[in-house]
Amino acid sequence: ALQVCLPLNALGFVYREARDAWVNAERLFALLRERPDVAEQAGLPRLRAGRGEVVFEQVSFGYEEARPVLRGVSFRIPPGHTVAVVGRSGSGKSTLARLLLRLYPPAQGRILIDGQDIATLSPSSVRAAIGVVPQDTALFNDSIGYNVAYGRLGCRPDEIESACRAAHVHELIMALPEQYETQVGERGVKISGGEKQRIAIARAVLKDPAILIFDEATSALDSDSEHAIQQELDRLSENRTTLIIAHRLSTIVGADEILVMDRGRIVERGSHAQLLSLKGLYARLWLLQQRLDEQTMLQRQTL
Ligand code: ATP
C-alpha cells in the first residue's frame with residue numbers, strides 16, 4: 001500500500017535526538033560535535049551567498065555504503081522559486097534536505113548553492129544561508145524570547161518582536177505571565193505544536209535566509225491553525241528559494257515544480273497539473289490523499 005501520511009523523521013540531526021522537542025543548549029552542541037561531518041574544518045572558504053540558486057547534479061548517497069538512498073538525483077531551484085518533494089515514506093525526501101544542509105557529503109555528484117560546490121565550503125557558512133522550519137521544533141529550556149532569537153543570536157529586542165508579529169505569535173507571547181521573558185521547556189510554560197511552528201517561522205523571519213527548507217508536519221495541527229500557518233509560510237517563502245518536504249499534497253499544488261521520489265530516484269517531475277495528466281505515481285498518491293481526507297472529514301462529522 002502507498003504510504004503518504006506516515007510521520008517523517010524530523011529533518012535534522014538535532015531534532016531526531018530531541019523527539020520531545022526540549023533540549024538544553026549544551027546538549028545541542030554536544031550533538032553537533034558528535035557528527036563528524038558537521039565539525040568545522042579550518043581553512044574552508046565561506047559560501048558567498050547570492051540570490052539562493054540551488055542545484056543538485058547527479059547526486060548519489062547512502063548512510064551505509066551498501067544501501068543507496070539517493071541515486072543520481074538532479075534538479076535546479078532557480079532563485080526565489082519553490083520546489084516540493086513528495087514520495088512514499090523512506091524514498092529519500094528528507095535526505096535531500098540533510099545533504100543541502102551539508103550534514104552529509106554526497107557519495108557522488110555535486111550540490112551547488114549560487115554556483116559554489118558546498119562540499120568545498122565551511123558547513124557553518126552553508127547553514128547560515130538556509131532557514132529551516134522543521135516539523136518538530138526543538139525549544140531550549142530558556143525564555144521564549146531567547147528561543148526566537150536563536151534564529152539570529154545577538155539581534156535586538158525590537159527585531160525579535162517584529163519577527164514574532166510576522167509569525168503571528170506576538171499576541172500569544174504578550175499574554176504569557178512574563179511576556180518575552182517567560183520560561184518555556186520542562187519547567188516552564190507548555191507550548192503547543194502550532195505555537196512551536198510559529199516560533200520556528202519567527203526564527204526563520206529573523207534569520208532572513210535566501211534559502212528556506214520547510215519540512216511539513218504530518219498532521220498534529222487542527223485545520224484552522226494549519227491554514228493560518230500555511231499562509232504565514234507562503235509569505236515567508238515569497239522571494240526565497242524554497243524546498244518543501246511535503247506530506248500533504250494539497251499544500252503544494254502551487255509549487256513551481258514538484259519532484260516525485262521513489263526509492264531514491266526522481267521518477268516524475270512537473271507542475272501539479274502536468275503530473276496529474278501523467279496518470280502515474282503522483283496521480284495515484286493524489287487520489288489516495290483525497291480518499292484519506294474524505295475519511296478524516298467523515299470521522300470528524302461522526303464524532
Ligand atoms: P519519510 O517520509 O518517512 O520521512 P523520507 O522520504 O524522508 O521518508 P528519508 O528520511 O530521506 O526518507 O530516508 C531514506 C532512507 O534512508 C530510509 O530507508 C531511511 O530508513 C534511511 N535513513 C534515514 N536516516 C538514516 C540514518 N541516519 N542512518 C541510516 N539510515 C537512514
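This is a predicted model: local features need pLDDT of at least 70, side-chain atom pairs count only at pLDDT 80 or more; totals for chains, interfaces and linings use all residues.
1. Four strands form an open sheet in the order E3-E2-E5-E6, and their pairing is antiparallel. Its edges are strand E3 (70-77) and strand E6 (116-117), each of which pairs on one side only. As background, strands of a sheet pair through backbone hydrogen bonds, in a parallel or antiparallel way.

2. Pairing of E2 with E5. Strand E2 (residues 54-61) and strand E5 (residues 108-113) run antiparallel and are joined by five bridges. For Ser 60, the bridge partner in E5 is Gln 108.

3. The helix on the sheet. Helix H3 (residues 93-100) packs on this sheet and touches E2, E3 and E5. The direction of H3 makes about 115° with that of E2.

4. The core. The largest nonpolar core contains 70 residues. Val 85, Leu 100, Val 148 and Ala 202 have the most contacts inside this core. Helix H8 (residues 193-207) supplies the largest share, seven residues. In general terms, nonpolar side chains tend to be buried together in soluble globular proteins.

5. Surroundings of Val 85. Leaving aside residues up to four places away in sequence, Val 85 touches Lys 93, Leu 96, Leu 243, Ile 244, Ile 245, Ala 246, Leu 259 and Met 261. Of these, Leu 259 is also listed among the contacts of Arg 269.

6. The H6/H8 pair. Helix H6 (residues 157-166) packs against H8 with the axes 8 Å apart and an angle of about 125°. Because angles of 65 to 115 degrees count as roughly perpendicular and those over 145 as roughly antiparallel, the two helices are classed as oblique to each other. The crossing of H6 past H8 is right-handed.

7. Residues in that contact. On the H6 side the contact is made by Glu 159, Ile 160, Ala 163, Cys 164 and Ala 166. On the H8 side it is made by Ala 202, Val 205 and Leu 206. Ala 202 is also one of the core residues with the most contacts.

8. Arg 269. This residue lies in strand E12 (residues 265-270). Not counting residues up to four places away in sequence, Arg 269 touches Glu 257, Ile 258, Leu 259 and Val 260. The C-alpha atoms of Arg 269 and Ile 160 are separated by 39 Å, with the two residues 109 apart along the chain.

Terms used. Residues are numbered from 1 along each chain as its sequence is written. Two residues are in contact if their C-beta atoms, placed from the backbone, lie within 7 Å. Two strands pair if DSSP finds at least two bridges between them. Axes are lines fitted to C-alpha atoms, for helices over the stretch in contact, and angles run from 0 to 180 degrees between N-to-C directions. A nonpolar core is a set of buried Ala, Val, Leu, Ile, Met, Phe, Trp, Tyr and Cys residues joined through C-beta atoms within 7 Å. A residue is buried if 20 or more other C-beta atoms lie within 10 Å of its own, exposed if 12 or fewer, and partly exposed in between; C-beta atoms are placed from the backbone. Angles under 35 degrees count as roughly parallel, over 145 as roughly antiparallel, 65 to 115 as roughly perpendicular and the rest as oblique. A crossing is left-handed if the near helix is turned anticlockwise from the far one by less than a right angle, and right-handed if clockwise.
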